[in-house]
Amino acid sequence: MQRPWPLTIRGTGAVLLGLGCLLLASDQGVPELLYVAVLLLAVVAAALLSLYAVRRADGMTRTVTPEVLTVGGQARVTARVSLRSAMASSPGTWHDTLSPGLGWVRPPAGDAAPDAGGRGGTTVVAGGARGVFPALGSSLRGEPHTVDVDYRIEGTRRGVHTLGPLAVSSTDPFGLVLRSHTLPLVTQVVVAPEVVDLPALSDLPGEAGGTRHTASNELGQGADNLIPRVYVAGDSMRRIHWRASAHRDELMVRQEEQESTPAATVVLDLSTGRFSTDAMRGAGLDPGFERALSACVSVVSRLVREGYTVSVTDADGHPLADPIEGGDLTAVETLGTGFATLITRRDDHLGDLVSRFVGAIGGPLVVIVGRFDAADAATLAPVAHHSSLPVLLSVAPVGEALAHAAEHGWHPAAIGPDDDLAAAWQDAVDRGVGRVLS
């Protein structure tokens, strides 16, 4: 926004003093005061001319690294500003506007920038980032000055947010005139749900866990017909050929066993009735729905790292993303980006899970739901026994609903906004380990 009065306090004082001298010179007949008045007014006029007639902004670029943030994650912003001026200027200030959902990571007092992790005593400030704009020399005969403005931002709310416009204010060398350049470039920033590092699926045999499960395809009879090969990361420890390993002095596995990637399904219930109505109005407005989204992406990330091919669907079977192959963490990031603007819908399809999963025995099934009551537990009772690891995560369980779900074979846990998501996941998985190993 352009200032209505371009002069600083010093410049305003110089003009008033010059006008006073001019009046006194005319009234008292003192020519020296006339010289002083002309000099003061001329200096102010020259300062105005240098900043408003000759100085101009040639443009700017803004980059954000990484391009996609998660809630609570940070990114570095670099705004490159090009300015041309006939006269040198004193240090000024800059201010970059941040929309709600982004916060400026203000460095600790006395430091130019936060530490490598972006924290170390820093605070997150809403509204905009600001700092000191350096002094510039004259560029009348040379190239325009290019100044890089660096700062860090933090995603505070899921959604698509904006940076800009950027305002740069500077004064003339005498500090008489202040001019602000507003550079209207606006940059979009995507803030995805928070991803929590969940504990690994340990000690789960076969399809219930591990990075791979095997389907034996014997090529011949007896151990003499086995074809060993060198062990590679991801091979099942059950496939190690100990005699060949001892002979070769390195781990060997049985070649004739063909590997296949196990499948898992993560169901995210998008029913508005199970969350608050804010979850349908826009991204980042309902803490419960935000926790459900965070749990979904975090669970998918864990299962993908375990080697599962993961399908992510709504309760009615509608896919929320393409199936993600085991180990494809880039696709997990893409899933989070797609969830940046996801909202709930009005209808309730949690009961549709019964017809989808009772037909066969499948791999891990993780159901993430908002409100969950005893009637829902009874409805989903037939599903649990058709999964090798049925996990149910509820943001808002009602009464003894989770206990009822556990009686039907589910491994439930509460994941409200105040609950520890990693601990809840560990508790549910530990129950699954006990069931599979018993």
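**Reading the features**

Author: Leu19 lies in helix α1; helices (H or I, at least four residues) and strands (E, at least two) are DSSP runs, numbered from the N terminus. The model is predicted, so local features need pLDDT of at least 70 and side-chain atom pairs pLDDT 80 or more, while totals for chains, interfaces and linings use all residues. Residues are numbered from 1 along each chain as its sequence is written, and side-chain values use heavy atoms, without hydrogens or water.

Reader: Is Leu19 buried, partly exposed or exposed?

Author: Leu19 is partly exposed, because its relative accessible area is 40% (buried is under 20%, exposed over 50%, partly exposed in between, with a 1.4 Å probe and protein chains only).

Reader: Which residues form a nonpolar patch on the surface?

Author: Leu16, Leu19, Leu22, Leu34, Tyr35 and Val38 form this patch, and together they have about 580 Å² of accessible area (Shrake-Rupley method, 1.4 Å probe, only the protein chains shown counting as cover for residues). The elements that give two or more residues to the patch are α1 (9-28) and α2 (31-54). Patch members have over 30% relative accessible area and no salt bridge; like charges are joined within 9 Å, nonpolar side chains (Val, Leu, Ile, Met, Phe, Trp, Tyr) within 5 Å.

Reader: How many helices and strands does the protein have, and what share of its residues counts as buried?

Author: The protein has 10 helices and 20 strands. Of its 438 residues, 46% count as buried. The accessible surface of the protein is about 20700 Å², and carbon and sulfur atoms account for 57% of that surface. For contacts in the protein (heavy atoms within 4.5 Å) between residues at least 6 apart in sequence, 73% join residues at least 24 apart.

Reader: Which residues does Val391 touch?

Author: Leaving aside residues up to four places away in sequence, Val391 touches Leu365, Val366, Val367, Trp410, His411, Trp425 and Ala428. Val391 belongs to strand β19 (residues 390-397), and Val391 counts as buried because its relative accessibility is 0%. Ala428 is 37 residues from Val391 along the chain, yet their C-alpha atoms are separated by 6.4 Å.

Reader: How should I describe two packed helices?

Author: Two packed helices are described by the angle between their axes and the distance between the axes. Helix α5 (residues 287-305) packs with helix α6 (residues 329-338) at about 170°, and their axes are 10 Å apart. Axes are lines fitted to C-alpha atoms, for helices over the stretch in contact, with angles from 0 to 180 degrees between N-to-C directions.

Reader: Which residues in α5 and α6 meet?

Author: Val297, Val300, Ser301, Val304 and Arg305 in α5 meet Leu329, Val332, Leu335 and Gly336 in α6. The two helices are therefore roughly antiparallel to each other (over 145 degrees; under 35 is roughly parallel, 65 to 115 roughly perpendicular and the rest oblique).

Reader: What should I look for in charged side chains?

Author: Side chains of opposite charge can pair when their charged atoms come close. A search of the whole structure finds 15 salt bridges (a side-chain nitrogen of Lys or Arg within 4 Å of a carboxyl oxygen of Asp or Glu). One of them pairs Arg274 with Asp348, with the closest N and O atoms 3.0 Å apart. This pair links distant parts of the chain, 74 residues apart: Arg274 is in the loop between β16 (263-268) and α4 (278-281), and Asp348 is in the loop between α6 and α7 (353-357). Arg274 counts as buried at 6% relative accessibility, whereas Asp348 counts as partly exposed at 41%.

Reader: Where in the structure are Arg281 and Asp278, and how are they separated?

Author: They are three residues apart in helix α4, so about one helical turn separates them. Arg281 is exposed at 63% relative accessibility, and Asp278 is partly exposed at 28%.

Reader: Which residues are linked in a network of salt bridges?

Author: Such a network links Asp197, Arg302, Arg305 and Glu306.

Reader: What should I examine in the peptide bonds?

Author: Most residues other than glycine have a negative phi, and most peptide bonds are trans. The bond from Thr65 to Pro66 is cis, with omega near -5°, and Pro66 is in the loop between β1 (56-65) and β2 (68-70). Gly164 and Pro165 are also joined by a cis peptide bond, with omega about 5°; Pro165 is found in strand β9 (residues 159-171).
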